Amino acid sequence: MKIVFMGTPDFAVPSLEALIDSEYDIVGVVTQPDRPKGRKKVLTPPPVKETALAHGLPVLQPQKLKGSDELKKLQSWAPDLIVTAAFGQLLPEEVLSLPHLGCMNVHASLLPKYRGGAPIHHAIINGERETGVTIMYMVKALDAGDIISQKSIPIEDEDDVASMFNKLSHLGAELLVDTLPALIEGRIQPTPQEPDLVSYAPNIQREDEQIDWTKSGKDIYNHIRGMRPFPGSFTTMEGDVVKVWVAEITNDKHLDPSPGTIYQLDADSLKVVCGDGTGLTLKEIQPAGKKRMSVSDFLHGSGNHWRVGMTFGG
């Protein structure tokens, strides 16, 4: 059984490692090109490439697969099956029709909910209590293929994007190796996605990162952890951007000041009014041009002029 793996970020690494440890023949890996990273813009390979090379696997990194020399190389590998996980490119018809067992994808949601590039972010932001992974056939439409298998997992109140990425990446790898034998032997009947249950999770844009203080305290809390650690949520104070990394919901209710107003502040604590009249305690922030720090450290330093009644914008 010859398998080609296609994936790019950390999320895809456990699935690749699980296949490497399996009985199958991984004939090659396709991933995104190296990208500049960090303030010094150092050209950095994607995690899947590093893993593949560490195991001596051949790697292709096409800018775009369709019509490329890399596509010809991929075709020469003649895979029986292609497995993708967060690859980052739509597959052209020449790839979808290449393996006789088809192309299957490890997707980080319980499809048909949250089709798209940011399912984990949107599940947390929307306050979902459960998410999961789906193994599905790939088709030309985005995340619309028949479902092969699924497995769910709870989202805890303390979870953020980082913790759920880690949990779901390993859950996806487990489900993948559990599913493959039955799939190869033809013992699985794929299930079409129910059109009425489809929802979407598009990639996060800059405007999505801004905190809307008119929302409820619970919604803002979910927004902050649904943006952590990347790309991060932000608000503004006196025209300056302030990233908010950690917050807690307070027991305060029926607060009178307008949303975004600081209603309690001492040496170690900063509380803000939310749109439903509840409060949110900011625990860790990152003022513009500074590192991430506790609110206490900030209020003892450059933030010592902040006062009750000042209002966060947007």
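This is a guided tour of a predicted model, stop by stop, for a viewer that has the structure open.

Residues are numbered from 1 along each chain as its sequence is written, and side-chain values use heavy atoms, with hydrogens and water left out. Because the model is predicted, local features need pLDDT of at least 70 and side-chain atom pairs count only at pLDDT 80 or more, while totals for chains, interfaces and linings use all residues.

**Stop 1: the largest pocket**

A pocket here is an open set of points on a 1 Å grid over the protein atoms alone, where a 1.4 Å probe fits, with protein on both sides within 12 Å along at least five of seven lines; lining residues have an atom within 4 Å of a point. A volume is the space filled by probe spheres set on the points, which are joined across faces, edges and corners.

Next, show β6 (81-85), β7 (103-107), α5 and α6, each of which supplies at least two residues of this lining. Helices (H or I, at least four residues) and strands (E, at least two) are DSSP runs, numbered from the N terminus. Coloured by class, the lining of the largest pocket shows 24 nonpolar, ten polar and three charged residues. Ala, Val, Leu, Ile, Met, Phe, Trp, Tyr, Cys and Pro count as nonpolar, Asp, Glu, Lys and Arg as charged, and the others, Gly among them, as polar.

**Stop 2: the second largest pocket**

Select Lys37, Thr44, Pro45, Pro46 and Pro47, which lie nearest the centre of the second largest pocket among its 13 lining residues. The space there is about 270 Å³. Its lining has five nonpolar, three polar and five charged residues, and β3 (35-37) and α2 (47-54) each supply at least two residues of it.

**Stop 3: Thr179**

Move to helix α6, where Thr179 is found. Thr179 is buried, at 5% relative accessible area; buried means under 20%, exposed over 50%, and partly exposed in between (1.4 Å probe, protein chains only). The side chain of Thr179 reaches the backbone oxygen of Leu175 at 2.7 Å. Leaving out residues up to four places away in sequence, Thr179 touches Ile135, Ile148, Ser149 and Ile188, a contact being heavy atoms within 4.5 Å.

**Stop 4**

Select residues 217-225, helix α7, in which seven of nine residues are buried. The buried residues of α7 pack against α5 (119-125), α6 (161-184), β10 (233-237), β11 and β14 (279-287).

In β11 (residues 240-249), pick Val246. Val246 is partly exposed, with 22% relative accessibility. Its contacts beyond four places in sequence include Ile224 and Arg228, as well as Thr281, Leu282, Lys283 and Glu284. Ile224 is one of the buried residues of α7.

**Stop 4: the aromatic cluster**

Finish with Trp213, Phe298, Trp306 and Phe312, which ring pairs link into a cluster. The whole structure holds five aromatic pairs. Rings of Phe, Tyr and Trp (its six-membered ring) pair if their centres lie within 6.5 Å; planes under 30 degrees apart count as stacked, over 60 as edge-to-face and the rest as tilted.

Trp213 and Phe312 are stacked, because their ring centres are 5.7 Å apart and their planes are at 20 degrees. Trp213 lies in the loop between α6 and α7 and Phe312 in the segment after α8 (295-299), so the pair ties together parts 99 residues apart in sequence. Trp306 and Phe312 form an edge-to-face pair, 5.6 Å centre to centre with 75 degrees between the planes. Trp306 is buried at 5% relative accessibility, and Phe312 is buried at 3%.

Key: Polar contact = N/O pair within 3.5 Å; in protein donor to acceptor, adjacent residues only side chain to side chain.
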